Amino acid sequence: MADIRAIDSHVVYENRWMRVREDAIERPDGSRGIYGVVEKPDFVAIAAVDRTRGLIHLVEQYRYPVAGRYWELPQGSWETRPDVPPEEVARAELSEETGIVAGKMTRVGDLFLAYGYSSQCYHIFLAEELEQGTTSLEAEEADLISRAFPLAEVEAMIASGTIRDATTVAALGLIRLKGLL
């Protein structure tokens, strides 16, 4: 049984990528309040690792909400096809953003992005046995840059604050904790 129950809900804003709803709620003690919830489709984050050369592939792109360019793991979702299995999305996103085709894709785990206000989850994959192909960028990704870095350099970029994407940091941490990297 839920600790908090919705007694009313309505959509405040909606576009192709997200929906924001406001829920009137009742807590176990009977008090009432509201919750704003951001609904976004689940997404994937892919750590593409070239073990023979000790490299990991990152992408850099301009992120409008924070007005800056940042390095991160390749990641994405299919807003119009939420029923597609995450591994299929991961393979496609990796190929689209980096041109890389993975011979081996291992599901590492799932994390919530920010469950204090959003229902969005992301699926973490480790891609190996990499073959370089060509990219197929969408209009929103036209400025995307793809590059491979030594793992030690990626870790230094995280420690120095050059990499500030929480998904990238959490995904690499989970991969490390599971002994896969």
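**View 1. The lining of the largest pocket in this predicted model.** Of the 35 residues that line this pocket, Lys 40, Arg 63, Pro 65, Glu 72 and Gln 75 lie nearest its centre. A pocket here is an open set of points on a 1 Å grid over the protein atoms alone, where a 1.4 Å probe fits, with protein on both sides within 12 Å along at least five of seven lines; lining residues have an atom within 4 Å of a point. Its volume is about 1,400 Å³, taken as the space filled by probe spheres set on the points, which are joined across faces, edges and corners. By class, you will find 14 nonpolar, nine polar and 12 charged residues.

**View 2. The largest nonpolar core.** This core has 20 residues, and Ala 47, Ile 56, Leu 58, Leu 73, Ile 124 and Val 154 have the most contacts inside it. Such a core joins buried Ala, Val, Leu, Ile, Met, Phe, Trp, Tyr and Cys residues through side-chain atoms within 4.5 Å, where buried means under 20% relative accessible area (1.4 Å probe, protein chains only).

**View 3. Trp 78 and its neighbours.** Look for Trp 78 in the loop between strand 7 and helix 1. Trp 78 counts as buried because its relative accessibility is 18%. Not counting residues up to four places away in sequence, Trp 78 touches Val 84, Glu 88, Val 89, Ala 92, Glu 93 and Glu 96. With Glu 93 there is also a side-chain polar contact of 3.3 Å, meaning a pair of N or O atoms within 3.5 Å, one able to donate a hydrogen and the other to accept it; residues adjacent in sequence count only if both atoms are side-chain atoms.

**View 4. Asp 50 in strand 4.** Asp 50 is buried, at 16% relative accessible area. The side chain of Asp 50 makes polar contacts with those of Thr 52 (2.8 Å) and Arg 53 (2.9 Å).

**Notes.** Residues are numbered from 1 along each chain as its sequence is written, and side-chain values use heavy atoms, leaving out hydrogens and water. As the model is predicted, local features need pLDDT of at least 70 and side-chain atom pairs count only at pLDDT 80 or more, while totals for chains, interfaces and linings use all residues.

Methods
Buried means under 20% relative accessible area, exposed over 50%, partly exposed in between (1.4 Å probe, protein chains only). Ala, Val, Leu, Ile, Met, Phe, Trp, Tyr, Cys and Pro count as nonpolar, Asp, Glu, Lys and Arg as charged, and the others, Gly among them, as polar. Helices (H or I, at least four residues) and strands (E, at least two) are DSSP runs, numbered from the N terminus. Contact means heavy atoms within 4.5 Å.
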